[in-house]
Amino acid sequence: MLAGYAVRAEDSRGRRYPEPPHPYRNPFQRDRDRVIHSRAFRRLEAKTQVFTRRFSDHFRNRLTHTIEVAQISRTIAGELALNVDLVEALALVHDIGHPPFGHAGEKALDAAMRAHGDFFDHNLHALRIVEDFEQRYAAFRGLNLSFEVREGIIKHSHDYKAAEHPQLTEYLLEQRPPLEAQLIDLTDEIAYDTADLDDGYEAHILTLEQIRAGVPVFEHFLRAAVRAYPDAPDKLKFNEALRGMLNRLVTDLITTTGSRLRSSGIATVEAVRAHPQRLAAFSPEVDEERRRAKEFLYQNLYYSSELGPEKLDAERVVSDLFDYWMRNPSALPGNYREKAASEPLQRVVCDYIAGMTDPYILQQHEKFCR
């Protein structure tokens, strides 16, 4: 049973190119399946989550991170009586627009575009992927996803202004996104706050002492794990603490969002859209814990001296290739040369680089920039 404020599949605003109903899948289930079977989704397996040059079978990549976000999102959506199928589709597609090398690659690509009076935004790039780049169907370009999924790609983590992005006006920029989309930005952070602590510890960049001192909520659950399992190996106690931290974030998001919905008298999707603020949220106490964990990761992992050379190298690879293809567009693949006849060259080069995996961009750099 869905709550009144949940998006119903039968109320979908439909697809850009109308299609007949499927006999046993609703529109959002079809969207989920189309995302999973896309080439862009498969490429997430070889795209950086945190580490660009440190290889391990156990570190997260964009694909495993996406699966974790989908699992957390489905759980929360079910408890809030939201549309789990729509939430799952949005979670699976939320990172599809990221370039190689994670945020380092995105930073370099955006800087390269700004030098030409343009910019790079991974949400907008994701929309271009599902609207145009994926070519799997004879009847239309792109994946022809439902309006609600395309809207969620754009609005799940950012509020765009119609005056600044007139090409996005169809996505109701003056309104809040549905709760199904609002959840994704928060579940994304739940996933990476806990997973990146795990991977940073496994990579021997973060020490247990650092985490205990810098992330009070982790310290709270580690103490509980030590009391409950005094003879367990240290790594299992660490795992118990992470599990407790994740569960606290998830539980608080469910209870706080539910409380905000009740206190605001929200009963319909239209009321969610018209509300002045987003309704999905953590409580002030837990939001502060989340903020401190995120700040700790930025200071001690993402911008650590250990990862600094990797990130600088990643930025250099992206910048070198961008400059090379801007000077030598004839070296682009044929389909991108064709696009350059009708689109700005910097956008074509940006699109090409953004779709690459980490291994492939390194191969291209070795080929053209050595």
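**Close-up 1. Helix 14 and helix 17 sit oblique to each other.** The axes of helix 14 (residues 308–327) and helix 17 (residues 358–368) come within 10 Å and cross at roughly 55°. That makes the pair oblique, because angles under 35 degrees count as roughly parallel, over 145 as roughly antiparallel, 65 to 115 as roughly perpendicular and the rest as oblique. Axes here are lines fitted to C-alpha atoms, for helices over the stretch in contact, with angles running from 0 to 180 degrees between N-to-C directions. Helices are DSSP runs (H or I, at least four residues), numbered from the N terminus. This is a predicted model, so local features need pLDDT of at least 70 and side-chain atom pairs pLDDT 80 or more, while totals for chains, interfaces and linings use all residues. Residues are numbered from 1 along each chain as its sequence is written, and side-chain values use heavy atoms, with hydrogens and water left out.

**Close-up 2. Side chains where helix 14 meets helix 17.** Helix 14 brings Arg 316, Val 317, Val 318, Asp 320, Leu 321, Tyr 324 and Trp 325 to the contact (heavy atoms within 4.5 Å), and helix 17 answers with Ile 361, Leu 362, Gln 364, His 365 and Phe 368. By class, that's 8 nonpolar, 2 polar and 2 charged residues.

**Close-up 3. The salt bridge between Glu 343 and Arg 128.** The closest N and O atoms are 3.6 Å apart; a salt bridge needs a side-chain nitrogen of Lys or Arg within 4 Å of a carboxyl oxygen of Asp or Glu. Glu 343 lies in the loop between helix 15 (334–340) and helix 16 (345–354) and Arg 128 in helix 6 (residues 122–133), so the pair ties together parts 215 residues apart in sequence. Glu 343 is partly exposed at 25% relative accessible area, and Arg 128 is partly exposed at 26% (buried means under 20%, exposed over 50%, partly exposed in between, with a 1.4 Å probe and protein chains only).

**Close-up 4. Arg 278 bridges to Asp 159.** Here the closest N and O atoms are 2.9 Å apart. Both partners are in loops: Arg 278 between helix 12 (269–274) and helix 13 (284–302), Asp 159 between helix 7 (147–155) and helix 8 (179–202). Asp 159 is partly exposed, at 42% relative accessibility.

**Close-up 5. Arg 248 and Glu 285 pair up.** This salt bridge spans 3.2 Å, N to O. It links Arg 248 in helix 11 (residues 234–264) with Glu 285 in helix 13, 37 residues apart. Arg 248 is partly exposed at 27%, whereas Glu 285 is exposed at 53%.

Conventions: Helices (H or I, at least four residues) and strands (E, at least two) are DSSP runs, numbered from the N terminus. Ala, Val, Leu, Ile, Met, Phe, Trp, Tyr, Cys and Pro count as nonpolar, Asp, Glu, Lys and Arg as charged, and the others, Gly among them, as polar.
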